[in-house]
Amino acid sequence: MPLELSKQTLLPTGAAGTLGRALRARFAPRCQTLRLSDLGPSAGLAANEQDQPCNLADRAGMEALLRGVDAVLHFGGVSVENPFETVAPANIEGVFNLYEAARLSGARRIVFASSNHTTGCYAQGEAIGPDSAPRPDGYYGVSKLFGENMASLYWDRYGIETVSLRIGTATPEPPDRRGLSTWLSLDDLERLVLAALTAPDVGCLTVYGVSANPARWWSDAGWAQIGYAPQDSAEAWRERLQDLTPPPESPEARLQGGSFLGIGPWTR
Ligand code: 15L
């Protein structure tokens with residue numbers, strides 16, 4: 001069934017984060033109630049906004065958070081590469097808590113902010129798609145694959161639908177040469193999330209989240225199914241960004257995950 005947003009309670013997790021704030025502004029006018037959640041409080045609530053701070057690792061708190069929620073935009077958790085001990089509570093246990101809370105509350109659609117770092121060890125320039133074998137570039141990428149697998153389990157066992165978005169570089173402008181391939185404009189992010197949220201019968205689907213960049217490495221598999229049609233392109237920035245890249249032989253320049261390949265290992 002297509003989700004009729006105007007009658008729904010929508011929960012963005014990570015509501016105070018960069019993408020969470022962009023989504024808040026763009027989705028509050030579209031739904032009946034927007035229940036905001038992050039570790040701390042959200043300020044300046046509109047008439048149809050509620051604030052319910054919660055730590056993803058708090059199981060009882062997550063069950064309370066999901067009560068009465070129709071759909072979730074799961075953008076909360078650790079969003080960059082970190083030691084495993086930092087990633088795990090929010091991105092491993094937190095994802096389990098989210099899906100369990102969704103099962104108990106009856107929420108039936110989750111849009112999961114996965115990441116291109118699930119496949120960050122492919123070479124830059126190599127064409128891949130959601131069906132390519134995972135090649136995470138760190139613990140963060142591994143945690144996002146865990147989330148995608150949790151989505152698969154809760155679809156097959158409990159009928160909870162998820163669209164996992166392997167988001168590229170979602171920023172106001174592409175930051176460097178890699179961004180000419182990986183950029184997702186904030187307007188295209190909105191189009192993608194709206195499509196993932198409202199398309200009928202998505203089951204469990206994984207798609208890449210990227211704008212219509214001619215230099216993109218990731219296939220459009222799944223886009224037609226949800227009705228996502230990106231309208232922006234990073235190409236306009238080519239001249240400015242073409243030479244903005246790490247030393248050519250470094251993993252950061254060679255592999256799709258870019259700067260994340262330069263983070264770690266962490267030693268005691
Ligand atoms: C991500 O998954 C991160 O959350 C974001 O901070 C960027 O680094 C992005 O990927 C990217 O690959 O550019």
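Q: Which way do the residues of strand 1 point?
A: In this predicted model, T9, L11 and T13 point one way from strand 1, whereas L10 and P12 point the other way, and all are buried.

Q: What is the general rule on side chains in a regular strand?
A: Side chains in a regular strand alternate between the two faces of the sheet.

Q: How many residues of strand 1 are buried?
A: Five of its five residues are buried, and strand 1 is mostly covered.

Q: What is the strand order of the open sheet?
A: The open sheet has seven strands in the order 3-2-1-4-5-6-9, with parallel pairing. Strand 3 (49-51) and strand 9 (204-209) are the edge strands, each pairing on one side only. On average, neighbouring strands of this sheet are turned by 20° against each other, with direction ignored.

Q: How many bridges join strand 1 to strand 2?
A: Two bridges join strand 1 (residues 9-13) to strand 2 (residues 33-36), and the two strands run parallel. T9 has T33 as its bridge partner in strand 2, and L10 stands opposite L34 in that strand. The chain passes from strand 1 through helix 1 to strand 2 in a right-handed β-α-β crossover.

Q: And how many bridges pair strand 1 with strand 4?
A: Strand 1 and strand 4 pair over four bridges, in the parallel sense. P12 has L73 as its bridge partner in strand 4.

Q: Which strands does helix 2 lie across?
A: Helix 2 (residues 59-66) lies across strand 1, strand 2 and strand 4 (71-74), and runs at about 170° to strand 2.

Q: Turning to the cores, which residues have the most contacts inside the largest nonpolar core?
A: They are L10, F75, L165, L189 and I226, in a core of 41 residues. Elements that each supply at least two residues of this core include helix 1 (18-27), strand 5 (109-115), strand 6 (161-167) and helix 7 (223-226). Helix 6 gives the most to this core, with seven residues.

Q: What is I226 in contact with?
A: Setting aside neighbours within four places in sequence, I226 is in contact with L192, A195, A196, A199, V202, L205 and V207.

Q: How many residues are in the second core?
A: The second, separate core has 23 residues, among them L11, L56, A101 and I160.

Q: New topic: where is T118?
A: T118 is in the loop between strand 5 and helix 4 (139-158).

Q: Is T118 buried or exposed?
A: T118 counts as buried because its relative accessible area is 0%, where the cut-off is under 20%.

Q: Which residues does T118 touch?
A: Not counting residues up to four places away in sequence, T118 touches P134, R135, P136, G141, K144, L145, E148 and R166. The side chains of T118 and R166 are joined by a polar contact of 3.2 Å.

Q: And where is A90 found?
A: A90 is found in helix 3 (residues 84-105).

Q: Why does A90 count as buried?
A: A90 is buried because its relative accessible area is 14%, and the cut-off is under 20%.

Q: What is A90 in contact with?
A: Leaving out neighbours within four places in sequence, A90 is in contact with L56, G77, V78 and V95. A90 and S79 are 11 residues apart in sequence, and their C-alpha atoms are 9.9 Å apart in space.

Methods:
Residues numbered from 1 in each chain as written. Predicted model: local features only at pLDDT ≥ 70, side-chain atom pairs only at ≥ 80, totals over all residues. Heavy atoms only, no water. Pairing = 2+ DSSP bridges. Axes fitted to C-alpha atoms, helices over the stretch in contact; angles between N-to-C directions. Contact = heavy atoms within 4.5 Å. Core = buried A, V, L, I, M, F, W, Y, C linked by side-chain atoms within 4.5 Å. Buried < 20%, exposed > 50% of the residue type's maximum accessible area, 1.4 Å probe, protein only. Right-handed = clockwise from strand over helix to strand, strands pointing away. Polar contact = N/O pair within 3.5 Å; in protein donor to acceptor, adjacent residues only side chain to side chain.
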